[in-house]
Amino acid sequence: RTRLGLPKTARIVGYMGRLKTMGMEKGLTTILDALRKLPDPPLLLAVGGAAEDITEYQEAAGERGLKEKSIFLERVPQQKLAIYQKACNILLMPFPNLEHYAYYMSPLKMFEYMASGRPIIASDLPSIREILNERSAVLVPPENASALARAMEDLLGDPQKSDRLAR
């Protein structure tokens, strides 16, 4: 966190990768809606967006009163991405329930997240369940900001559970 200029003691949830695929939302709106539901939201660190998508999500964060709780960065070199992942308390994959995400994707980010040693919260979709389950991640219904908020609070409040899932 020091190397990246991030607050050392903050609770940080991370999303790494493109913010949209083929023009489709990848769950950032659900993350923002979930953060808005929390009395003391963690800091969102989103790394990998295109400039126009970053502008859109910065505006969405501001509309939700989360401007100071959100950092959006463009793509970083692959070797630096792992440092950003390690800076997070939790890594998020809240894909929406669209046919592409549910059945056809194989997100590289899932394997990168698993290698990071950080707990994962992901949408409960068939494509995700091919790899992750309740022993390796917290799976939440897609597009359910309330469930995502509860899962974030649960993991942030239970370091032992977070460590167990990350291992």
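Is Q58 buried, partly exposed or exposed? Q58 is partly exposed, because its relative accessible area is 40%, a value between the limits of 20% for buried and 50% for exposed. The model examined in this report is a predicted one.

Q58 has its place in helix 2. The distance between Q58 and D154 can be stated in two ways: they are 96 residues apart in sequence, and their C-alpha atoms are 26 Å apart in space.

## The largest pocket

Rolling a probe the size of a water molecule over the atoms shows where empty space is left. In this model the largest pocket holds about 460 Å³ of space. Its lining consists of 21 residues, and those closest to the centre of the pocket are G17, R18, K26, L108 and K109.

Several elements contribute to this lining. At least two residues each come from strand 4 (43-49), helix 3 (78-86), helix 4 (99-104) and helix 5 (108-116). Helix 5 gives the largest share, with three residues. By class, the lining of the largest pocket comprises ten nonpolar, six polar and five charged residues.

## The second largest pocket

The second largest pocket contains about 180 Å³ of space. Its lining is made up of R11, C88, N89, G117, R118, P119, L155, L156, P159, S162, D163 and A166. Two elements, helix 7 (145-157) and helix 8 (159-166), each give two or more residues to this lining.

Which helix gives the most to the lining of the second largest pocket? That helix is helix 8, with four residues. Sorted by class, the lining of the second largest pocket has six nonpolar, three polar and three charged residues.

## Helix 8 and its buried face

Helix 8 also has residues that are buried, namely S162, L165 and A166. Seen down the helix axis, these buried residues fall within an arc of 100 degrees, and therefore they line one face of helix 8. The buried residues of helix 8 pack against strand 8 (138-140) and helix 7.

## Helix 1

Helix 1 covers residues 28-37, and seven of its ten residues are buried, so this helix is largely enclosed by the rest of the structure. The buried residues in helix 1 are L28, T30, I31, L32, D33, A34 and L35.

## Aromatic pairs

A pair of aromatic rings is described by the distance of the centres and the angle of the planes. How many aromatic pairs does the structure hold? There are two. One is formed by Y57 and F72, whose rings are stacked, with 6.4 Å from centre to centre and 20 degrees between the planes. Y57 belongs to helix 2 (residues 51-63) and F72 to strand 5 (residues 70-74), so this pair ties together parts that are 15 residues apart in sequence. Both partners are shielded according to the cut-off of 20%: Y57 counts as buried at 1% relative accessibility, and F72 is buried with a relative accessible area of 8%.

F95 and Y101 form an aromatic pair that is also stacked, with a centre-to-centre distance of 5.3 Å and 25 degrees between the planes. F95 is buried, its relative accessible area being 1%. Y101 counts as buried at 1% relative accessibility.

## Residues with positive phi

Most residues other than glycine have a negative phi, and most peptide bonds are trans. M22 has a phi near 50 degrees, which is a positive value in a residue other than glycine. This residue is found in the loop between strand 2 (20-21) and strand 3 (24-25). Because its relative accessibility is 64%, M22 counts as exposed.

E143 likewise has a positive phi, near 60 degrees, and is a residue other than glycine. The position of E143 is in the loop between strand 8 and helix 7. With a relative accessibility of 49%, E143 counts as partly exposed, since the term exposed requires over 50%.

Terms used:
Residues are numbered from 1 along each chain as its sequence is written. This is a predicted model: local features need pLDDT of at least 70, side-chain atom pairs count only at pLDDT 80 or more; totals for chains, interfaces and linings use all residues. Side-chain values use heavy atoms; hydrogens and water are left out. On a 1 Å grid over the protein atoms alone, a cavity is a set of points where a 1.4 Å probe fits but cannot get out, and a pocket is an open set with protein on both sides within 12 Å along at least five of seven lines; lining residues have an atom within 4 Å of a point. Grid points are joined across faces, edges and corners, and a volume is the space filled by probe spheres set on the points. Ala, Val, Leu, Ile, Met, Phe, Trp, Tyr, Cys and Pro count as nonpolar, Asp, Glu, Lys and Arg as charged, and the others, Gly among them, as polar. Rings of Phe, Tyr and Trp (its six-membered ring) pair if their centres lie within 6.5 Å; planes under 30 degrees apart count as stacked, over 60 as edge-to-face and the rest as tilted. Buried means under 20% relative accessible area, exposed over 50%, partly exposed in between (1.4 Å probe, protein chains only). The arc is that of the directions from the helix axis to the C-beta atoms. Contact means heavy atoms within 4.5 Å.
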